[in-house]
Amino acid sequence: MVATSVDLTASKRLAATAARLWTLAVRFLLVFFLARYLAPEDVGMYGLLVATIGFTIYVLGLDLYTFTSREILKSPRVAWRGMVSSHFSLLAPVGVLGLSASLLFFAGGALPWSLLLWFLALTPTEHVGYEVDRMLIAMSDQLNASLLVLLRQGILPTAVIPLFLIAPGVRSLETVLALWAVLNVIAVAVGLGLLIYKTRGGDRGWRAGLDWRWVVNGLKVALPFLIGTLSVKALFTLDRQAVAVFGSLADVGVYTFAMSVAAGLTNVLAVSVHQFSYPRLVTVAHDRDMAEFRTQSRRLWIQSLVLVVLAIVGVLLAEPILLDWVGEPVYARHAWLIPVSMAVIGVYNLSLVPHYVLYAVHADIAIVRITIGALLAFLVGIATTLLSGGSGLLAAVVGVGAGSMVLLAGKAVAASRLAPRYFR
């Protein structure tokens, strides 16, 4: 019986990893197909839209999942329904208000008005999709979480790539966005159904709505995290805006292409390492098992470092072939941006290791302070580069690099100091 249980768990982990790796692989390929078949300006608009949606969903979520996930991990299943109910009961009105306020992106010129309807269709469904994904991972249901990510993000490029190959008439940004919206709606419906099923028999019904005491405690924890999260997300939103302001929409397309290639590293780490490691780290920290905590932390460092190095080497070896296949001269002229972006994102990914350590030992204030410092370093990096005569492209990557270095150094030092105190 024990062997069967272990085999089943291993099979589920393998299936979950396979689903996410497939999603990552086809999303990675999608970047090259967009670069090959769409104008650089369209790739630039796509990059601006994705970055802005990514920033907005964190505002709408208030980072409440940081509290909810930790509570689910240390609570019995019977308590899950009340937590999930309170979580979404709070975020529903916040989402409506936040989505209305986000129209300022268009009024301020951060996004063209032609993308408004797509933004309104994609943002709420992306937001709910991410919330469901995080809750399922906290409930140790990585398999269903991964399958939903496959539905929401993996089927899109799986469908778009052959469409672009065989049907020249549908090669447009609108095709990509329409499929994205439809798949998001389906994934959200399935995901919410899964949450209802997994929280059946809870001690509080859905109609009970908000548990105000739980929500207030959650906001006390989440809002400091939100400040830190938005500081980090700003690095990967304002960078594209800086390129747009001090360059052109085609430059944004080039930058989006390079950073999307590099972002594959983040996705691989999240799928193959982080989604399995951080729940374990939180659990052993809650159990005050210092020896196991050190073992898990060291393992996370090693796995992350190895994957970062392998990913950078692999992309550098493949870069000439990939750029030749894309065939657009503007990407080849800026080939230097890909290795630089890989190095920058590699540093950022290594900073996630001490981040999870600090998160597990409830060092929330330290995380916030360091991320605010990273945002300041990002802004200084951009300003310094521009004042020195550098281009918008160079300024953006220097800014992200400076912010990532502060994240890595600051969180590593803080983790080495604060984690031992937690176990005393």
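The buried residues of helix α14 pack against α3 (65–73), α9 (212–246), α13 (337–360) and α15 (392–422); buried denotes under 20% relative accessible area, exposed over 50%, and partly exposed in between, with a 1.4 Å probe and protein chains only. Contact is taken as heavy atoms within 4.5 Å, and helices are DSSP runs (H or I, at least four residues) numbered from the N terminus. The model is predicted, with local features requiring pLDDT of at least 70 and side-chain atom pairs counted only at pLDDT 80 or more, while totals for chains, interfaces and linings use all residues. Residues are numbered from 1 along each chain as its sequence is written, and side-chain values use heavy atoms, with hydrogens and water left out.

Helix α14 comprises 24 residues (364–387), and its end C-alpha atoms are 35 Å apart, in agreement with the 34 Å that the helix should span at 1.5 Å a residue. The expected span is 1.5 Å times one less than the number of residues. Among the buried residues of α14 are Asp364, Ile367, Ile370, Ala374, Phe378 and Ile382. Leu379 also belongs to α14, but is partly exposed, at 41% relative accessibility. The helix is followed by Gly389, which has a positive phi near 95°.

In α13, 21 of the 24 residues are buried, so the helix is mostly covered. From first to last C-alpha, α13 reaches 35 Å, close to the expected 34 Å. Val340 lies in this helix and is partly exposed, at 32% relative accessibility. Its C-alpha is 9.0 Å from that of Gly401, although Val340 and Gly401 are 61 residues apart in sequence. After α13 comes His362, with a positive phi near 65°.

His87, in helix α4 (residues 80–101), is buried, with a relative accessible area of 0%. Leaving aside residues up to four places away in sequence, His87 touches Leu64, Tyr65, Thr68, Glu131, Met135 and Trp214.

The structure holds 13 aromatic pairs. The rings of Tyr37 and Phe164 are edge-to-face, because their centres are 6.2 Å apart and their planes lie at 90°. Tyr37 is partly exposed, with a relative accessible area of 21%, whereas Phe164 is buried at 0%. Phe293 and Phe423 form a tilted pair, 5.0 Å centre to centre with 50° between the planes. Because Phe293 lies in helix α11 (residues 290–326) and Phe423 in the segment after α15, this pair ties together parts 130 residues apart in sequence. Both Phe293 and Phe423 are buried. One aromatic cluster is formed by Phe28, Phe32, Phe257 and Tyr331. Rings of Phe, Tyr and Trp (its six-membered ring) pair if their centres lie within 6.5 Å, with planes under 30 degrees apart counted as stacked, over 60 as edge-to-face and the rest as tilted.

Definitions and conventions. Helices (H or I, at least four residues) and strands (E, at least two) are DSSP runs, numbered from the N terminus.
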